[in-house]
Each structure stands twice: as C-alpha cells, then as structure tokens.
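Here is a friendly briefing to read next to the model on your screen. Take it topic by topic, and look up each residue as you go.

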Amino acid sequence: MASMTDRLDFFSRRCAWVNGPIIVGAGPSGLAVAACLKEHGVPSVILERADCIASLWQKRTYDRLKLHLPKQFCQLPKFPFPEDYPEYPTKKQFVDYLESYAKHFEISPRFNQSVQSARYDETCGLWRVRTVGAGAEAGNRSHEVEYIGRWIVVATGENAEKVVPDLEGLGGFGGDVIHACDYKSGEAYRGKRVLVIGCGNSGMELCLDLCDHDAFPAIVVRDSVHVLPREVLGKSTFELAVLLMKWLPLWLVDKILLLLAWLVLGNVEKYGLRRPSTGPLELKNTQGRTPVLDSGALAKIRSGDIKVVPGIKRFSPGRVELVDGQALDIDSVILATGYRSNVPQWLQGCDFFSKDGFPKTPFPDGWKGQSGLYAVGFTRRGLAGASSDAARTAKDIGRMWKEETKPAKRPVACHRRCISQI
C-alpha cells in the first residue's frame, strides 16, 4: 500500500528535469558552485527556500556585523571584492558583493522553493528533489514540484537552523526572549539588563553593541573559550596564522598564537574567560569551535560594562539563578547559541552525512559522496573552505559533463514522467 501511495504521490505533482546539477541553497556556497560550473560550461538550477540570496546575511544578522576575517579570505571564486572596500567589509557591503556576484555570473536562483526531501532513485539513476513553494497550503499539489537530475549539490551550509537550548524555567521568565538571529540593534534594549547566552563571536559583539546603546549586558560563559586579538601590530591574526601554517606544524602555531594573545590581551582568565587545554586552531579543526576574535568586547569586560557569569541553573519570573548560587535580576534574554545544519531533515537514504548534518569524511575530502552527491560549505573553514569545495565540485562535474555530452555519444532522453525542462 505504501509503495502504491508513493507512486500516486509522484504522478500527482509537477516534475521538472534539470539539465545539470541541482544546487540546494543560494547562500555564498551555492552561488560559488553555480559560478564555477558556468566556467566549465555546465548549467545548473539553485533552489532557495527564502525570497533572496544569502538570506542568513540579509535577514538573520545584526546591523553592526562585519566580516571577522580580512576580505581576501572571504571572496568567492573568480570575483574579488572591490578595491575600495575596507579590510573588514560591513554586512551591507558583503550583501552588495554577493548581489554583484550573482549578477556578474547571471545566476538566477529559484526562490521560495523549500526542499522537503531529496533522495537518489536507483531505478533510474537520478536524484529526485521535492519542493514546496512558499505559502503552499497543506495538500495543495499545485505548489509542489519535483526536480529530477543527474547531480545534487548540498549547499545549505553549517548555519541553516538556529539552535535553541532547553533551559529550565525559561518559559515562565516573563521577559523578552529572542535568538540572536532576530537581534538587529541594541536600541530596543536601552537601559535594560540583558542576559546574553553564548560567548562566541556573535555573543561578544552583541554585548558590545548593547553597551554602545547604554544597556547593561551580562554574558554567560559556561565552557572554556579562546579569545584572540583580531589584529597584532596592525596585522590580521588569521592572516598571520595562515602564513605560519605554511612553515610550521599546527601545534607550534597554536603556541605562538596563545603567546601573542597573552602579550596583547593579558591574562583573560581572571575575567572568567578560561582557555581550553587544546589550542585554538586544533580545536577549530577537530570540533569546529571558532576562537573569538576580539573587536572591543574585552575592554568592556575589563571595565565591568559587560559582566561575565557562569552557567545557568534555572530561570524564574524576572530572574536567573546561576550554577554558582548567584541570582540576577534581568529584563531580557538573547540566545547567542548558534546554528546547525538541517541536512538530516530532508536528505533521505544517504549515509554520507552524519546525524549533526556534516559529511562523515573529514576535510579536505568531505566534498564528494556517491551517485552524484556533493557537499559545499561544510568544512568549518568559512568562506575560503566553501570556495575551495565549490571549485573542486565544479571541476569534477565539468569533467563528467564533457564526457557525457560528447557528440559521438548517444543522446540521453528526458525522463518520460517529466513535463518540463530547465
């Protein structure tokens, strides 16, 4: 019965043959893949659940956000940043850059296409990707499309869904509670006592922004964290690390970075910021934990404008009890608790990705799976890692594309159940 239901379900929705790879996600990773594919003469289709490119940057980031790394490490393939851009472009500048990138390579994603499922059909040797259009009502088949193609590129990235922890008593707190993805500016918190949960780069910058708007932030630092200066003697710490890695082993570069951090920032542990026993680069490579690149928050911590507090025990109306017995009166809570991959929610019948939504094969070999499956933007190495994966993916598909489209080969007919081609 289930098999017959699936078959009827398949015939009832509109199908579309994709003459090239199906790319899921129109963020920087998806755009980079599409651009690289064009350089190899391969067409593609990008499916994007939002109504714009790079929706994370456009709709789920705070106003003061800037790139944490110098622009040369964040540009996408074959299209540098404008020369007049600062070393650390603003949110608006980066979005403008991505818009220019899409226009330059004539990339036109299919917006409002939320992927519900994707699976490889071994019978026909093709990928079947089912989408629902934005605003589609349950059971309304006119909004459903099944895209069918030879290859699929998963480019939804590491930050597709927000992480909301289960905190005791938060439901009865009574004050304003939002995730960092909904935070825009500290203006709405002027004069308020705000608890920021999460001490990554976003949590630190939100606290700094709250201070600039005369709020009173406290930041929860439950675990150990590496805090590094964003620059050392005018030189990017990240750029310095990349340079050192060309000549020295990782463990030695970590020791040099920690020494520089101590010389520039001093002993941060006395402010409640315990350093992990594992070095910052090794921790990033093994666990994906990014060190905090300080852009001014540490000075506010030293002055007492930002209060560092330990883990949370429970919330009560207007208050939070901490694990060390302290109790704070607070007005608002901001969850800077990060994001996660959503691949396990829609990619079916595939063991290439682990339960946390990342390729099981470690970097640098986690970009290619089997049966025409590729992953771009899951390296835990930012935009540079995504660009590298995009170039490899496009080169690999381009090679097969040329082989399969040679004039001497017998042309492959469109799948008989498709009613359109794109």
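At 31% relative accessibility, N112 counts as partly exposed, where buried means under 20% relative accessible area, exposed over 50%, and partly exposed in between (1.4 Å probe, protein chains only). This is a predicted model, in which local features need pLDDT of at least 70 and side-chain atom pairs count only at pLDDT 80 or more, while totals for chains, interfaces and linings use all residues. Residues are numbered from 1 along each chain as its sequence is written, and side-chain values use heavy atoms, with hydrogens and water left out.

- Most residues other than glycine have a negative phi, and most peptide bonds are trans.
- N112 is not a glycine, yet its phi is positive, at about 55 degrees.
- You will find N112 in the loop between α4 (91–104) and β4 (113–121); helices (H or I, at least four residues) and strands (E, at least two) are DSSP runs, numbered from the N terminus.
- D214 also has a positive phi, of about 60 degrees, without being a glycine.
- The loop between α5 (201–212) and β11 (216–220) holds D214, which counts as partly exposed at 46% relative accessibility.
- The peptide bond from F363 to P364 is cis, with omega near 10 degrees, and P364 sits in the loop between α10 (343–346) and β22.

- β4 and β5 pair in the antiparallel sense over 8 bridges; two strands pair if DSSP finds at least two bridges between them.
- Across this pairing, S114 stands opposite V132 in β5.
- The hairpin of β4 and β5 has 4 residues between the strands, and G125 takes a positive phi near 70 degrees there.
- β5 also pairs with strand β6 (residues 144–149), in the antiparallel sense over 6 bridges, and R130 stands opposite E146 in β6.
- Is strand β5 (residues 126–133) mostly covered or mostly open? It is mostly covered, as 7 of its 8 residues are buried.

**The parallel sheet and its helices**

- Strands of a sheet pair through backbone hydrogen bonds, either parallel or antiparallel.
- Here, 4 strands form an open sheet in the order β3-β2-β7-β22, and the pairing is parallel.
- β3 (45–47) and β22 (373–375) are the edge strands, each pairing on one side only.
- Neighbouring strands of this sheet are turned by 20 degrees against each other on average, direction ignored; axes are lines fitted to C-alpha atoms, for helices over the stretch in contact, and angles run from 0 to 180 degrees between N-to-C directions.
- Strand β7 (residues 152–154) pairs with β22 over 3 bridges in the parallel sense, with V153 opposite Y374 in β22.
- Helix α2 (residues 28–39) packs on the sheet and touches β2 (22–24), β3 and β7, its direction making about 160 degrees with that of β2; contact means heavy atoms within 4.5 Å.
- Helix α11 (residues 382–404) lies across β7 and β22, running at about 160 degrees to β22.

**A buried loop residue**

- T379 belongs to the loop between β22 and α11, and T379 is buried, with a relative accessible area of 6%.
- Leaving aside neighbours within four places in sequence, T379 is in contact with E158, F363, G385, A386 and D389.

**Confidence**

- The protein averages a pLDDT of 91, and 91% of the residues score at least 70; pLDDT is the predictor's confidence in each residue, from 0 to 100.
- Over residues 136–141 the pLDDT is below 50, and this stretch has 4 contacts in the model beyond near neighbours in sequence.
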